[in-house]
Amino acid sequence: MAATSVIYRRELGAYLRSPWSWVIVSATLVLSGILLWAYAMKGELLSAIVLERFFFTTSLCVGVAAGVLSFRLVAEDRANGSLVLLNTSPVRETSIILGKYLAALTFLVITVALTAYIPLLIKLAGKVTISQILVGCVGLLLFAGTVLAIGVFASALAPNQVIAAVITGAIALGMGQFYQLAGALDEPVRGVFMDLDLWMIHFQQGAGRGVIHLKDVVYYAAVSYFFLLLAVKTLEAKRWQ
Amino acid sequence: MIRATNLTKFYGGKRALGPISFEIEDGETVGFLGLNGAGKTTALRILACDLRPSAGSIEVGGADVVSAPHEVRKRIGFLPENPPLYMDMPVDDYLIFAGELRGMDRGAIKRRLPEVLDVTDLTSVASDAIGTLSHGYRQRVGVAQAIIHKPKFLIFDEPTRGLDPVQIVEMRNLIHDLKQNHTVLISSHILTEISQTCDRLLVLGQGQLLGSGTESELAIRESKIMQITVTVRTPPATDSGNPTAFVTKVLETVDGVTEVSPPFATLDSMTFSLATSSDARAAVTRAIVEAKLDLLKLDYARSELENTFIRIVGGHHGGN
């Protein structure tokens with residue numbers, strides 16, 4: 001646990017020091033604002049609908065930001081040689097992955113918190129509750145945290161950040177299309193794909209509408225755990241290559 | 001002590017190292033010498049627990065790199081070919097991070113840090129970001145992270161790579177200082193670096209251990225020819241006839257001397273160059289003293305390390 005904390009502090013410091021991280025945050029804020037204006041502010045709508053659309057557009061922006069933030073986590077260390085310091089220290093692979101993941105997740109929390117001014121404005125001008133906003137933000141973090149876990153796995157697997165980006169995009173977009181795919185299938189396979197969908201089922205039809213289901217929390221926790229475990233095993237396996 | 005037994009490493013189906021066996025005693029400074037692709041870096045990475053061996057075993061201070069890697073990692077400090085640096089971090093923060101990774105508490109690191117910065121001559125740049133430092137300083141930061149936790153064993157892979165001549169001398173001096181308190185393993189293909197720094201050499205070629213010993217031992221083992229240069233005071237002509245012929249005859253009768261070249265003569269001395277098939281220095285000295293000649297100087301021209309190295313690896317490098 002001590003090693004996890006040491007790695008967490010270093011990685012979080014790296015995010016906070018890096019201008020690129022703040023460029024990603026800025027881009028997320030700008031894009032979510034533009035998309036809100038272009039998609040959610042058309043015509044006269046109920047404030048609850050505007051909030052739902054805000055979470056719809058912002059989840060896409062934060063999901064992309066999570067992917068971009070994750071590429072560097074292991075692949076950059078491997079490319080510039082600093083992974084050797086971690087590999088030759090008495091630190092378990094689990095601590096390396098967990099420390100890096102939690103640091104990126106913390107930075108994502110900062111990013112989501114910075115977008116919160118929009119739902120607060122919606123609350124001021126409309127009739128949404130603070131609970132709806134909080135549930136939406138928690139849902140955003142669960143969804144983005146899962147994309148982050150996919151990115152950490154891709155980063156551990158790939159030799160460089162470009163390939164990590166491609167792998168992350170392929171997995172996240174693929175899992176985000178399960179809902180569409182399920183529409184073309186019959187039961188019981190249809191149900192399986194619906195349950196495995198990354199975005200529409202577990203976010204947009206849940207936390208995105210101000211309702212958080214336990215099954216959604218379990219789903220995101222399980223998928224995150226699965227990909228983080230894969231990342232740990234990938235790091236271990238690389239030593240045998 | 002480091003003990004490797006039948007150490008082997010495959011990358012996919014390609015054998016990169018071994019099987020090789022060697023032992024390194026505590027306090028020794030040992031050089032891994034070999035051409036590029038000889039297996040030096042692979043051997044050092046296995047020792048540092050960065051890679052796992054495909055077969056064989058290796059113990060570092062009694063701990064096995066496969067079954068107890070964390071124990072090994074606590075005992076070693078590793079400087080890879082490219083120092084494992086975070087360019088965005090200040091030097092002191094980075095060294096604190098490296099110390100914490102090795103299990104040191106912050107108090108112990110704070111007490112140790114000034115000493116490490118002093119030894120590596122980094123005090124003046126301690127608060128600078130590593131990315132702003134020159135290559136030489138970055139290499140020093142790499143050494144500093146390797147010694148921050150006072151490891152028993154230091155493993156340096158090509159420590160002078162990319163350094164300018166002044167920085168090479170500084171790095172060599174730094175390694176000399178570290179030899180006092182650590183067992184040091186260095187890999188290099190820069191022969192002068194190895195010969196000036198190490199007590200013993202392990203010569204690798206195509207993953208195999210081709211030779212082991214001191215530079216002289218390797219030279220003697222590989223080439224039975226040594227050049228001895230001997231200077232004697234020119235004897236009076238009345239005592240021994242022709243002085244040059246007399247001394248030449250004395251030297252030619254020594255066991256192991258195969259050739260005596262014509263001397264270089266000054267007013268009162270003659271210098272002969274002898275080719276020998278073994279280390280004949282003692283026998284030559286005895287013969288000169290027994291012939292009642294005054295020995296002014298005796299030296300032996302060791303076989304150059306480069307020549308020895310090329311001879312050793314020559315037959316194992318695909319004819320190159």
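This is a predicted model: local features need pLDDT of at least 70, side-chain atom pairs count only at pLDDT 80 or more; totals for chains, interfaces and linings use all residues.
On the side of α2(A), the contact is made by A:Ser21, A:Trp22, A:Val25, A:Thr28, A:Leu29 and A:Ser32, while α5(A) contributes A:Phe107, A:Ile110, A:Thr111, A:Leu114 and A:Thr115. By class, these residues of α2(A) and α5(A) divide into six nonpolar, five polar and no charged.

Helix α5 (residues 93–115) of chain A also packs against helix α7 (residues 130–157) of chain A, at an angle of about 145° and with the axes 10 Å apart; here, too, α5(A) passes its partner α7(A) in a right-handed crossing. The contributors from α5(A) include A:Ile97, A:Tyr101, A:Ala104 and A:Leu105, and those from α7(A) include A:Cys137, A:Leu140, A:Leu141, A:Ala144 and A:Gly145. The contact of α5(A) with α7(A) has 14 nonpolar, two polar and no charged residues.

The C-alpha atoms of chain A fill a box of roughly 60 × 45 × 30 Å along the principal axes. A compact globule of 241 residues would have a radius of gyration near 18 Å, and the 18 Å of chain A agrees with that expectation.

Chain B, in turn, is divided into domain 1 (2–221) and domain 2 (224–301), whose centres, taken over C-alpha atoms, are separated by 45 Å. One sheet of chain B is open and has four strands in the order β2-β1-β4-β5, with antiparallel pairing. Its edge strands are β2 (14–24) and β5 (63–64) of chain B, each of which pairs on one side only. Strand β4 (residues 55–60) of chain B is joined to β5(B) in the antiparallel sense over two bridges, and B:Val60 stands opposite B:Ala63 in β5(B). Across β1 (2–11), β2 and β4 of chain B lies α1(B), which runs at about 120° to β1(B).

A further open sheet of chain B is built from six strands in the order β6-β7-β8-β3-β9-β10, and its pairing is mixed. Because β6 (76–79) and β10 (208–213) of chain B stand at the edges with a single partner strand each, one side of each is left without a neighbour in the sheet. From one strand to the next, the twist averages 15°. Within this sheet, strand β7 (residues 153–157) and strand β8 (residues 183–188) of chain B pair in the parallel sense over five bridges, and the bridge partner of B:Ile155 is B:Leu185 in β8(B).

Two helices pack on this six-stranded sheet. Helix α1 (residues 40–47) of chain B touches β3 (29–34), β6, β7, β8 and β9 (200–205) of chain B, and its direction makes about 140° with that of β3(B). Helix α6 (residues 165–179) of chain B touches β3, β7 and β8 of chain B, with a direction at about 150° to that of β8(B).

Terms used. Residues are numbered from 1 along each chain as its sequence is written. Chains are lettered from A and ligands numbered from 1 in the order in which they are written. Side-chain values use heavy atoms; hydrogens and water are left out. Two strands pair if DSSP finds at least two bridges between them. Axes are lines fitted to C-alpha atoms, for helices over the stretch in contact, and angles run from 0 to 180 degrees between N-to-C directions. Contact means heavy atoms within 4.5 Å. Domain bounds come from an automatic or database domain assignment. A crossing is left-handed if the near helix is turned anticlockwise from the far one by less than a right angle, and right-handed if clockwise. Ala, Val, Leu, Ile, Met, Phe, Trp, Tyr, Cys and Pro count as nonpolar, Asp, Glu, Lys and Arg as charged, and the others, Gly among them, as polar. The radius of gyration is taken over C-alpha atoms; the globule rule is 2.2 Å times the number of residues to the power 0.38.
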